[in-house]
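Visitor: I am new to this structure and would like to know what the terms rest on. Please take me through it term by term.

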Amino acid sequence: YFRIMMNSTTIKELKDLLSSPKKIIIIPHRNPDGDAIGSSLGLYHVLTNQGHSAQVISPNDLPNFLNWMPGVETIKIYEKSEQESQKLLSEADIIFTLDFNILLRTGDRMESFLEKLPQDFVMIDHHQMPGDYAKFTFSDPQYGSTCELMYVVLNLLMLAPYIDTNAATCIYTGIVTDSGSFKFPKTTAQTHRIVAELLDKGVKNADIHNYLFDHNSFNKLQLMGKALQNIVLMPKQHTSYLFLTEEDLYKYNHQKGDTEGLVNYGLSIDGIHLTAFFIERKEEGIIKISFRSQGDVDVNQFARKYFEGGGHINAAGGKSHLSLEETIARFKKIVENEKIIA
Ligand code: 5GP
Ligand code: MN
């Protein structure tokens, strides 16, 4: 059915642990996306329905395009209410971490607190190379989304009856966003079977697509236009890249989430197998980079080796402390010299 780092004994152990009401904290990765928030809120609804006291704590703010999700108003932001969050974390019986593989993905501030906590962690994630901080690790990079994997895990834990319409809506959202609306290669027959079961639970799929993709601001589309104008081709290397400067972001009143998905346009060009998207974030003092690739071109390795990042084979991220110009020059040099595309 699927590969997880888990056997029936540990499934039973977690199931037993959840058989009486517990205080549970759920944590998505920093700069959370649809899959991170979808899985976190989906689990929040399920555990609440089961009788637990559950709370989602996100390391930092959510992107605007997720502000309609059921339960989103209950989420606490660690970096905005650090003391309150630390108190809640200290009092928790068990901590779920969703859609990430190492605690550092929660950011420096939250990580340094989490790594000292004595409680047991549960990891549900689909990134490569899971760390070993969790007592219960459900990790399988064959899954296209944490939400899909979590749906399977909830079934193993016999918690499927607690998946109500709200939970199903959140889980559906994560599957849609991480699969590029069912088009990325990890979308399987099982993905569609699970989606069918979610629709049976009352998910209004057309409404969700509308919330996610048809609530753009005018500024967001102008910013997208700017990013598309900024695409540069390296035809010999079957590579493209695009960028946005701090000035571009300011001019179009950039809001969190506005740049989501733009990197895919770099890869959508005929003959292009590798693309990178550079965003100048002066406030954080970094260039945030997204990588996308097709086929065997492994951007997880690429991001790990050269840009302090990681992710999946065909979708990864990283950062650079050089200037935007220097970062792009370095990227071009690496691509030209390394022959990462056969
Ligand atoms: P995105 O480009 O959409 O931000 O991220 C693509 C994938 O790479 C996601 O699975 C994301 O979790 C991962 N990713 C993005 N940035 C980083 C990073 O700085 N470090 C690591 N390890 N993974 C990242
Ligand atoms: Mn994900």
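Guide: S181 is a place to begin: this residue sits in the loop between helix 6 and helix 7 (189–200). Note that the model is predicted.

Visitor: Why is S181 called partly exposed?

Guide: The relative accessible area of S181 is 30%. Buried means under 20% and exposed means over 50%, so S181, at 30%, is partly exposed.

Visitor: What is the phi of S181?

Guide: Phi of S181 is positive, about 55°, although S181 is not a glycine. M158 also has a positive phi, near 60°, and is a residue other than glycine.

Visitor: Where does M158 lie, and what makes it buried or exposed?

Guide: M158 is in the loop between helix 5 (146–156) and helix 6 (165–178). Its relative accessible area is 57%. Exposed means over 50%, so M158 is exposed.

Visitor: How do you know whether D270 is buried or exposed?

Guide: The relative accessibility of D270 is 76%. The cut-off for exposed is over 50%, so D270 counts as exposed. D270 is placed in the loop between helix 11 (263–267) and strand 9 (274–281). Between the C-alpha atoms of D270 and H238 there are 9.1 Å, with the two residues 32 apart along the chain.

Visitor: Why is D16 called partly exposed?

Guide: D16 has a relative accessible area of 40%. A value under 20% would be buried and one over 50% exposed, so D16, at 40%, is partly exposed. This residue belongs to helix 1 (residues 8–17). The C-alpha of D16 is 28 Å from that of M129, and 113 residues separate the two along the chain.

Visitor: T245 lies in a loop. Why is T245 called buried?

Guide: The relative accessible area of T245 is 18%. Buried means under 20%, so T245 is buried. The loop in question runs between strand 8 (239–244) and helix 10 (246–251).

Visitor: Which residues is T245 in contact with, leaving aside its neighbours within four places in sequence?

Guide: With those neighbours set aside, T245 is in contact with E280 and L324.

Visitor: What makes S320 buried?

Guide: S320 has a relative accessible area of 5%. The limit for buried is under 20%, so S320 is buried. S320 is part of strand 12 (residues 315–320). Apart from neighbours within four places in sequence, the contacts of S320 include G285, I286, I287 and I289. F307 and T327 are also among them. From S320 to K76 the C-alpha distance is 29 Å, and the two are 244 residues apart in sequence.

Visitor: How many disulfides are there in the whole structure?

Guide: A search of the whole structure finds zero. C147, for example, is in no disulfide, and the nearest cysteine sulfur, that of C170, is 8.0 Å away.

Visitor: How do you know that the sulfur of C170 is too far from C147 for a bond?

Guide: A disulfide needs two cysteine sulfur atoms within 2.5 Å. The sulfur of C170 is 8.0 Å from the closest cysteine sulfur, in C147, so it is too far for a bond.

Visitor: Why are C147 and C170 called buried?

Guide: Buried means under 20% relative accessible area. C147 has 0%, so it is buried. C170 has 0%, so it is buried.

Visitor: Now the whole protein. How many helices and strands does it have?

Guide: The protein has 13 helices and twelve strands.

Visitor: What makes the protein as compact as a globular protein of its length?

Guide: Its radius of gyration is 20 Å, and the globule rule gives 20 Å for 342 residues. The value is close to the rule, so the protein is as compact as a globular protein of that length. The C-alpha trace spans about 60 × 45 × 40 Å along its principal axes.

Visitor: How far apart are the mean positions of the positive and negative charges?

Guide: They are 2 Å apart, for 34 positive and 42 negative charges.

Notes:
Residues numbered from 1 in each chain as written. Chains lettered and ligands numbered in written order. Predicted model: local features only at pLDDT ≥ 70, side-chain atom pairs only at ≥ 80, totals over all residues. Heavy atoms only, no water. Buried < 20%, exposed > 50% of the residue type's maximum accessible area, 1.4 Å probe, protein only. Helix = DSSP H or I, 4+ residues; strand = E, 2+ residues; numbered from the N terminus. Rg over C-alpha atoms; globule rule 2.2 N^0.38 Å. Lys, Arg positive; Asp, Glu negative; His and termini not counted. Charge placed at Lys NZ, Arg CZ, Asp CG, Glu CD. Contact = heavy atoms within 4.5 Å.
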